[in-house]
Amino acid sequence: MTTLASPPAVPKNVPRTSARTRRRNRWTGWGFVGPFMIVFALVFLAPIVYSLYLSLFQTKLVGGTSFVGLDNYARALSDPQFWDGVGRVTLFLAVQVPIMLGISLLVALAIDSGRLYGRDFFRLTIFLPYAVPGVVAALMWGFMYGDRFGLIGNVNDLLGTSIPDPLASVLVLPAIGNIVTWEFVGYNMLIFYSALRVVPASLYEAAEIDGAGPWRVVSAIKLPAIRGALVVATIFSIIGSFQLFNEPSILQALSPNYISTHYTPNLYAYSLSFSGQQYNYSATVAIIMGVLTMLVAYVVQLRGMRKEA
């Protein structure tokens, strides 16, 4: 006949954790997390909730503020100025982001190769533009773009050429793309370079034994190893493209005929709120752009994770 074994006896000198102690430990954990949660709720969650609240109302000079439900969203989805800005940042994203990430990746691979003379100085030089505030960078490049008072004007006077002013033509968007690329190549380079530095040395040793050349090492080892970093940098760049604001806002004074108040969705929301006093509609535009950005970034993340798997 089989007998059930009795549970092992608990030694008398082992203390038992009381319910009061467990509750105290739980509240101790919340005490560490609490300050962050409070700041997160005030800085992140509260503005979103307030924007959602504003988007459901409409304020008129006659009649005051009234609840309109989803009317503001219907108006935004049929607003040609809003979609004009969305199309422009989408074009900006499709062209500028691959160029910027491609340059960043090439620079990171060059630094990691160990064949670049003055590697530390070169890495610091490439990263330095990221330390320049976006407003200062836009002002600086806006001055250089000028054909009457800036660098382009000086080159035209010196060489007798007629280089067009990028801020007074359809070249405004490429000019903005050049500023953003100059600012963030170093930032993305650092992400890629950091990922390359943690690639196991054993992989390089195995490739050397197999007789793999430099290009084979890049395609078979380095690029697959930093695929996660590529996905992260792409998501950050997508978010930054949809949030494009500083550069067109600063350059608008230099190119008012080509940079309109609805040049980008963020600039459109800003103009609606601070110039047009349409706070409710401005909040609606901001929320729609936030949702659109989240969806695009989520799709890119899913595709990147699927390829990585």
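Analyst: One term before we start: the radius of gyration is taken over C-alpha atoms, and the globule rule is 2.2 Å times the number of residues to the power 0.38. Also, this is a predicted model, where local features need pLDDT of at least 70 and side-chain atom pairs count only at pLDDT 80 or more, while totals for chains, interfaces and linings use all residues. Residues are numbered from 1 along each chain as its sequence is written, and side-chain values use heavy atoms, with hydrogens and water left out.

User: OK, what radius of gyration does the protein chain have?
Analyst: It has 27 Å, whereas a compact globule of 309 residues would be near 19 Å. The C-alpha atoms fill a box of roughly 105 × 75 × 35 Å along the principal axes.

User: And how many helices and strands are there?
Analyst: The chain has 13 helices and two strands. These are DSSP runs numbered from the N terminus: helices are H or I with at least four residues, strands are E with at least two.

User: Which helix has the highest mean pLDDT?
Analyst: Helix α3 (residues 80–112), at 94, while helix α8 (residues 201–209) has the lowest among the elements, at 81. pLDDT is the predictor's confidence in each residue, from 0 to 100. For the protein chain the mean is 85.

User: New topic: how many salt bridges?
Analyst: Four, counting a side-chain nitrogen of Lys or Arg within 4 Å of a carboxyl oxygen of Asp or Glu. In one of them, aspartate 84 meets arginine 88 at 3.1 Å, N to O. Both sit in helix α3, four residues apart, about one turn of the helix.

User: What does lysine 222 pair with?
Analyst: With aspartate 112, at 3.0 Å, N to O. Lysine 222 is in helix α9 (residues 214–225) and aspartate 112 is in helix α3, so the pair ties together parts 110 residues apart in sequence.

User: Is lysine 222 buried or exposed?
Analyst: Lysine 222 is buried, at 8% relative accessibility. Buried means under 20% relative accessible area, exposed over 50%, and partly exposed in between (1.4 Å probe, protein chains only). Aspartate 112 counts as buried too, at 12%.

User: Where is phenylalanine 44, then?
Analyst: Phenylalanine 44 is in helix α1 (residues 19–55). With 44% relative accessibility, phenylalanine 44 is partly exposed.
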